[in-house]
Amino acid sequence: MPQIKFMTLARHIVEEERKYPKATGELSNLLHDLSLAAKVISLEVNKAGLADILGFTGDNNVHGEQVKKLDIFANDMLVKAMDHGGHLCVMASEEEEDIIPIPEQFKIGKYVLLFDPLDGSSNIDANVSIGTIFSIYRRVTPDGHPRTMADCLQPGVNQVAAGYIIYGSSTIFVYTAGKGVHAFTLDPAFGEFLLSHTNIQIPKKGKIYSINEGNYLYWHPGLKKYIKYLQEEDKKTKRPYSGRYIGSMVADIHRNMLYGGIFMYPADSRHPTGKLRLQYECNPMAFIVEQAGGRATNGKIRIMEVQPEKLHQRVPIFIGSEEDVLMVEKFMAESEEHPDK
Ligand code: FBP
């Protein structure tokens, strides 16, 4: 009888659940349902070039941005996959203005799911890696009571699990439930996510920086100095760093988690609160990177300590190898203390 050498995501979730004596299995089933949705979206993304699913729907979303067909497909697929399992009391998505109630005919659960159905949408038509990002909380409204926006406006430190799926050269499901970060690669031969990276640890200091340098003119003076510092030569501190920017946050952060480095989407004079959304982009990625030994801040405080006020609010983000994030914070603080220097 051949030895089973591989660990499926389903088995890993069940084994992780055993580390929580009070666990009821609801979170495990929720994560499992998410992995099913991921497989369907992965199939659609892989054949997007063939099927009439590329390009725009012609509509604009809550942010006034043009919506892509694949965005809508992914959003609908996630809502349909998650609304009837009995684990959720409410959902929220980047693609929907308001919170998404669970249809009355289905059982109401104790968890809250927030997600960005397809991150990196500017890359969809160019066959560049894109992803789905998710964040899970326990509800704060009492059982049996109506679910409200309050359930979706919790600080990141309240997350019970978070993760992302990358649709790239392979499809990878990455998650944390608060005890480390694990990645599973989809084996298309038999459609199972198999453990490929266990307990990922991001290097304390990296050699890669990821930022849209096209916005350089509008940046904080301290940030400009920091980027110049990374571009100077100094072997002792592994400088100059390499610039790498895919334009899909999930893909840029995933690479930096494996190789070490820093991803930044700062506030600037045009976007005073940055571009990326706190609740379903920055908080889940911050939970994952912190669980991998990294750091994630808005330049001053932990992303996960920012108190959310609005569902679609944006936040500046500096995330990745701890020493690199501390360094950029130092450059910005110094330039605020000594603006003339
Ligand atoms: P979407 O969720 O709408 O795709 O936007 C987020 C995002 O695409 C991130 O994945 C990426 O890091 C960033 O926007 C790219 O923005 P820019 O093109 O301004 O550099």
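What follows is a conversation about a predicted model, in which local features need pLDDT of at least 70, side-chain atom pairs count only at pLDDT 80 or more, and totals for chains, interfaces and linings use all residues. Residues are numbered from 1 along each chain as its sequence is written, and side-chain values use heavy atoms, with hydrogens and water left out.

Colleague: How many of the residues of strand β7 are buried?

Modeller: Strands (E, at least two residues) and helices (H or I, at least four) are DSSP runs, numbered from the N terminus, and buried means under 20% relative accessible area, exposed over 50%, and partly exposed in between, with a 1.4 Å probe and protein chains only. On one side of β7 Ala161, Gly163, Ile165 and Tyr167 are buried, and on the other Ala162, Tyr164 and Ile166 are buried as well. The strand, residues 161-167, is therefore largely enclosed by the rest of the structure, the buried count being seven of the seven.

Colleague: Which residue in β8 is the bridge partner of tyrosine 164?

Modeller: Two strands pair if DSSP finds at least two bridges between them, and β7 pairs with β8 (residues 171-176) in the antiparallel sense over six bridges. These strands form a hairpin with three residues between them. Within β8, the partner of tyrosine 164 is valine 174.

Colleague: Are α1 and α2 roughly parallel or roughly antiparallel to each other?

Modeller: Axes are lines fitted to C-alpha atoms, for helices over the stretch in contact, with angles from 0 to 180 degrees between N-to-C directions, and contact means heavy atoms within 4.5 Å. The axes of α1 (residues 9-17) and α2 (residues 26-46) come within 10 Å and cross at roughly 160°. Angles under 35 degrees count as roughly parallel, over 145 as roughly antiparallel, 65 to 115 as roughly perpendicular and the rest as oblique. The two helices are therefore roughly antiparallel.

Colleague: Is asparagine 127 buried or exposed?

Modeller: Asparagine 127 lies in the loop between β5 (111-119) and β6 (130-138), and has a positive phi of about 55° although it is not a glycine. With a relative accessibility of 73%, asparagine 127 counts as exposed.
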